[in-house]
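Please look over the sequence and the model below before reading the notes, which are arranged by topic.

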Amino acid sequence: MAVINTGLVLKGARSEFFSGLMSAPTYFQDLCTRIPSAIDVERYRWLGSNAMMREWTGPRQTAPLYPESYDVANLKYEATMEVDRTELEDDQTAQIGIRARGLGIVAGTHKDKLLGNLLIAGSAGTAYPYDSATIPFFHASHVIRKTLSTQSNTTTSVAACSDPIITLTATEAKDAIMAAIARMRSMLNEQGEPIYIGPGGFKCVVPPVYELPFLEATQAGIVVSTTNVIQGIADVVVNPWLTTPTSTGIWYLLYTGGPIRPFIFQDRTSLDFVALEGNSEHGFTNDKYLYGVRARYAIANGEYRYAVQHTFTT
């Protein structure tokens, strides 16, 4: 009986997978508050329920725990690749190793993909914040509990060109960043007090077409012969899953400098790499080996005050 000695057993495939996983740059961990999860559905009631300091006169005054609850269900994800046994017999392990590393990259960047989809859903009005099932995450009429007044986490600015996807300038990007920061710094918490915004921690999350003008707007010392007062104020994060802008373009300013971030990464089960090889029923019946990964987690909306959607109009 011939013995296949190619090195692509479970141990080798797992090594290639995690090599790809570790090589993939990801950003979700910087944009989300990580919440370890131990059950299928987690219920959040603490978002927006901050107590405020006051002079102590008389009994303590507790901050109310608002009746709304925000349930986030963990979802199960998988990715599987199939390998013909003949590929192993013909010693095609280098190519298979590349596929295993590619699988690791796909698994590693999946949470960034989910975050991009969530941002798009918030802009489209199909994803909601913790305090409403009818007002979208990005909206002009978020209600402040104590005062019942409203506030917006959206801004707009005019791009002089007819097509901002092609000719957006660094000046236009700079002006948009300044408008978004000003809006975020004016946000109030549920008690009607200013939210905490530190000196750093801003992230500009942009589609690929806006990468260069936003990099120039945030990194250049001079923009169009004028001192750039926002140099270094924000990091630029390119999310390739954001919809490509057409006549109007959308990007997002996020604040990540505090303990609560604009999105939640709910971590239930870490990535697990498994295989069905020659001794498995699948391998015996189909003459094919399976290598796959599974995990359980969720990406959900967090604190809307730390996220501003900016739209370029023409």
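The notes that follow cover an open sheet and a residue in one of its neighbouring loops.

This is a predicted model, in which local features need pLDDT of at least 70 and side-chain atom pairs count only at pLDDT 80 or more, while totals for chains, interfaces and linings use all residues. Residues are numbered from 1 along each chain as its sequence is written, and side-chain values use heavy atoms, with hydrogens and water left out.

**The sheet**

- Four strands form an open sheet in the order 1-13-14-4, with mixed pairing; strands are DSSP runs (E, at least two residues), numbered from the N terminus, and two of them pair if DSSP finds at least two bridges between them.
- Strand 1 (32-36) and strand 4 (75-84) stand at the edges and have a single partner strand each, so one side of each is left without a neighbour in the sheet.
- From one strand to the next, the twist averages 30°, with axes fitted as lines to C-alpha atoms and angles running from 0 to 180 degrees between N-to-C directions.
- Strand 13 (residues 263-276) and strand 14 (residues 288-301) run antiparallel and are joined by eleven bridges, and Phe273 has Val293 in strand 14 as its bridge partner.

**Asn74**

- Asn74 lies in the loop between strand 3 (70-73) and strand 4, and Asn74 is buried, with a relative accessible area of 7%, where buried means under 20% (1.4 Å probe, protein chains only).
- The side chain of Asn74 makes a polar contact with the side chain of Gln266 at 3.0 Å, a polar contact being a pair of N or O atoms within 3.5 Å, of which, within protein, one must be able to donate a hydrogen and the other to accept it, and residues adjacent in sequence count only if both atoms are side-chain atoms.
- A polar atom of the Asn74 side chain also lies 2.8 Å from the backbone oxygen of Ile39.

How values were computed. Buried means under 20% relative accessible area, exposed over 50%, partly exposed in between (1.4 Å probe, protein chains only).
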